Amino acid sequence: MIVELISVGTEILLGNIVNTNAAYLAERLAGLGMSVYFQETVGDNPKRLEETLRRAKDRSDVVILTGGLGPTQDDLTKETAAKVCGKRMHEDQKAKEYLIAYFEKLGRGWEEISENNWKQTMVPDDSIILYNDNGTAPGIIIQADDNKKIILLPGPPNELIPMYEKDVEPYLCSLEQGVLYSKVVKVDTLGESSVEMQILDLIDQQSNPTIAPYAKPGEVHLRVTAKAKDEKEGKALVMPMVEELKKRFGSYVFTIEEDVTMEEALVSLMQRYHLTFATAESCTGGLLAGRLVNVAGVSDCFKEGFITYANEAKIKHLGVSEQTLQKYGAVSEQCAREMSEGLAKNTGAEVTIATTGLAGPGGETAEKKTGLVYISCTINGKTTVQKFQLKGNRSRVRNSTVVRAITMMRQCILREYAEI
């Protein structure tokens, strides 16, 4: 099944907002084994939107449009889709009830609903309405006379994502004969090309199931998908391939669960062994602690964190010696080691992690170039220090350091507790 994505909104074309919806939908559709051959972005212009939609409808089985379902005059996605599919519009009573209930939740009565908001209760005839629990615009599925499907979704991600997962994905799955069963194997820190080289034989031989690699910052996801008559058969096809991938990548596989992130896998590991941790950050300036505290339940593990950007702070809070700083500098293996070891001594945490580096721009020397980073991890008195020469601008270097710190903590814990 060929699916095409159309993002509607002049603000996307102008770069005022980042189009995260297209990335999210493309990834989810790939997980269903569906082919996304085209993605387009079109502004709030009815003529160009109509041309774009007609072209997409001609060449794809399903067209998903995001955005342009709001109450203003330039929100014309629904009206344009109805025109292209030859559908009249009518008021949907349930959509009206949802709109009133939404305003009541905001503490406002129906009499405060502006005239243009009522526009959102108008829907094309003979369509499936996807009622919105998180906003005012319902989603819509239109089946055209040529059996093509046009799916309209609201633009805000907090409305689009739950609607897609609750209503659209099950609908798309129902269009396929049999079932699609997939599992994702998530591999950390290894680059996409390195991962692909290790599974080229599997990719060359693939038929059912298939393996689709795609890269994310600091990790690579390998989605294994099988077409089968039912879920039991799909699982029987997919799981042997998943086990083979786990065997090949070993401890670099941090999860095979769809919604588990790298940091969640780390926190789960620490909870399993009843470990506490603390962070000391120089070049990352709190990014590492910030990413980890996003994990629910991290309070079971996280004792405290320090941002020791200045040398004085490293000396005061971590016990780094002045001699080390004078002889080797703050960006050095020796400083990183003293940071994590001093942190362990001062906090009593079983696991401590320290980052120090040169994120740039500026500050380079002949020996120390921008992107030079040292990360030190201390567990139960044993310290491991790793040196990295990272590429990219300041933001990329800092975020790459965070990913490597999380990976390093996980690998050190696994080694300490004899799992690898």
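A: The crossing of α3 and α4 is right-handed (the near helix is turned clockwise from the far one by less than a right angle).

On the α3 side, Pro46, Leu49, Glu50, Leu53, Arg54 and Lys57 make the contact (heavy atoms within 4.5 Å). Thr77, Thr80, Ala81, Lys83 and Val84 answer from α4.

The model is predicted: local features need pLDDT of at least 70, side-chain atom pairs 80 or more, while totals for chains, interfaces and linings use all residues. Numbering starts from 1 along each chain as its sequence is written, and side-chain values use heavy atoms, without hydrogens and water.

Now the rest of the fold. The largest nonpolar core has 33 residues (buried Ala, Val, Leu, Ile, Met, Phe, Trp, Tyr and Cys joined through side-chain atoms within 4.5 Å). Met270, Phe277, Val351, Cys377, Met409 and Ile413 touch the most other members. Two or more residues each come from α11 (262-272), α12 (287-292), β15 (351-357), β16 (372-379) and α16 (394-416). The largest share, 10 residues, belongs to α16. Leaving aside residues up to four places away in sequence, Met409 touches Leu266, Met270, Phe277, Val351, Ile353 and Cys377. Apart from this core lies another, of 22 residues, among them Ile6, Ala81, Tyr131 and Ile142. Ala81 also sits in the α3 and α4 contact.

Strand β16 is mostly covered, with eight of its eight residues buried (under 20% relative accessible area; exposed is over 50%, partly exposed in between; 1.4 Å probe, protein chains only). One side carries Leu372, Tyr374, Ser376 and Thr378. The other carries Val373, Ile375, Cys377 and Ile379. β15 pairs with β16 in the antiparallel sense over seven bridges (pairing takes at least two DSSP bridges). Here Gly357 stands opposite Val373. β17 (382-389) also pairs antiparallel with β16, over eight bridges. Thr378 has Thr383 as its bridge partner in β17. The β16 and β17 hairpin has two residues between the strands, and Asn380 takes a positive phi near 50 degrees.

Gly285 lies in the loop between β13 (277-281) and α12. Its 30% relative accessibility makes Gly285 partly exposed. Not counting residues up to four places away in sequence, Gly285 touches Ile307 and Arg398. From Gly285 to Ser332 is 47 residues in sequence and 17 Å in space, C-alpha to C-alpha.

An open sheet of four strands runs in the order β10-β11-β9-β12, with antiparallel pairing. Its edges are β10 (210-216) and β12 (253-255), each pairing on one side only. Neighbouring strands here are turned by 35 degrees on average, direction ignored. Seven bridges join β10 to β11 (219-228). Ile211 has Val224 as its bridge partner in β11. Helix α2 (20-31) packs on this sheet and touches β9 (179-188), β10 and β11. The direction of α2 makes about 45 degrees with that of β11.

Methods
Axes are lines fitted to C-alpha atoms, for helices over the stretch in contact, and angles run from 0 to 180 degrees between N-to-C directions.
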